[in-house]
Amino acid sequence: MPGSTTTICAKSLARSKAFPSVAKLFAAFCAAPASARLAPAHRQRRLRSAREGALLQLDGSPHDWLAGRGPRLTALGMHDNATGKILSAQFFLSETTEGYFHLLQRLLRRFGIPATFYGYRSGIFVRNNPHWSIEEELTGQRQPTQFGRALSQRGVTFIAAQSPQAKGRVERLWGVLQDRLCSQLRLAQACDLLSANRVLRSLGRTERSGVRPKFDQITNRLS
């Protein structure tokens, strides 16, 4: 607006020679559309599930877990959204389909089948490459990955996160573990994959408690 306060201020700064750089920045700000000046919308945090087993988050965290004493490792984990407990976790040399299958088999044996998995749009979980096969073009839909097919056969839904921030709690969990677990690995003088997993298993046995869910009924089905 010609008579608005911001326009008047911009003209006053332009006439002044004391702060030429400030005048240019302010003029550019006023010229920008109002939508561009608005702060980015805050991403709403995903609420905790009401029942244990209703939603499990899975993710990998590549990190220098051994602090230079050994190879760079990737921690893969499955985390219950209702209680905050890590139900299955292990170190691997890299993030692979085989690693997630290993965790899935352990999870099914110990806790049964969860209702839903939530993870990022990795090619391990969902088909996200631009090339469609002839079969996919004929049917008009993407074929599941090997891991996605295994979940579908067990009646498990997979929700793909649209951004790393959308995974929320599991991202913050890895941040906490990178401090605590690295300290435990250093105290145990872990220097390779075998000794690192030994420390991770011992830590998991001593930390089974979590947040109490809203409902005590567990969603997991027998595998």
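1. Overall make-up. The protein chain has eight helices and five strands. This is a predicted model. Along the sequence, the elements follow the pattern α-α-α-β-β-β-α-β-α-α-β-α-α. Of the 223 residues in the protein chain, 37% are buried. Take the contacts between residues at least 6 apart in sequence: 64% of these join residues at least 24 apart.

2. The sheet. The five strands form an open sheet with mixed pairing. Their order is S3-S2-S1-S4-S5. Strand S3 (86-92) and S5 stand at the edges. Each has a single partner strand, so one side of each is left without a neighbour in the sheet. On average, neighbouring strands of this sheet are turned by 20 degrees against each other, direction ignored. As background, strands of a sheet pair through backbone hydrogen bonds, either parallel or antiparallel.

3. S4 covers residues 116-120. Four of its five residues are buried, so the strand is mostly covered. In the sheet order, S4 sits between S1 and S5. Strand S1 (residues 56-63) runs parallel to S4, and two bridges join them. S4 also pairs with strand S5 (residues 157-161) in the parallel sense, over five bridges. Leu 56 stands opposite Phe 117. Phe 158 in S5 also stands opposite Phe 117.

4. Helix H4 over the sheet. H4 consists of residues 97-111. This helix lies across S1, strand S2 (73-80), S3 and S4. H4 runs at about 150 degrees to S3.

5. Helix H4 against helix H6. Which angle do the axes of H4 and H6 make? They cross at roughly 25 degrees and come within 10 Å. Angles under 35 degrees count as roughly parallel, so H4 is roughly parallel to H6. H6 spans residues 146-153. On the H4 side, the contact uses Thr 97, Tyr 100, Phe 101 and Leu 104. On the H6 side are Gln 146, Phe 147, Ala 150 and Leu 151. By class, this contact has six nonpolar residues, two polar and no charged ones.

6. Cysteines. How many disulfides does the structure hold? The count is zero.

7. Positive phi at Ala 67. Phi of Ala 67 is near 50 degrees, a positive value in a residue other than glycine. Where does Ala 67 lie? The residue is in the loop between S1 and S2. Is Ala 67 buried or exposed? Ala 67 is exposed, because its relative accessible area is 54% and the cut-off is over 50%.

8. Positive phi at Gln 189. Phi of Gln 189 is near 55 degrees, also a positive value in a residue other than glycine. Gln 189 lies in the loop between helix H7 (169-187) and helix H8 (193-206). With a relative accessible area of 63%, Gln 189 is exposed.

How values were computed:
Residues are numbered from 1 along each chain as its sequence is written. This is a predicted model: local features need pLDDT of at least 70, side-chain atom pairs count only at pLDDT 80 or more; totals for chains, interfaces and linings use all residues. Side-chain values use heavy atoms; hydrogens and water are left out. Axes are lines fitted to C-alpha atoms, for helices over the stretch in contact, and angles run from 0 to 180 degrees between N-to-C directions. Angles under 35 degrees count as roughly parallel, over 145 as roughly antiparallel, 65 to 115 as roughly perpendicular and the rest as oblique. Contact means heavy atoms within 4.5 Å. Ala, Val, Leu, Ile, Met, Phe, Trp, Tyr, Cys and Pro count as nonpolar, Asp, Glu, Lys and Arg as charged, and the others, Gly among them, as polar. Buried means under 20% relative accessible area, exposed over 50%, partly exposed in between (1.4 Å probe, protein chains only). Two strands pair if DSSP finds at least two bridges between them. A disulfide is a pair of cysteine sulfur atoms within 2.5 Å.
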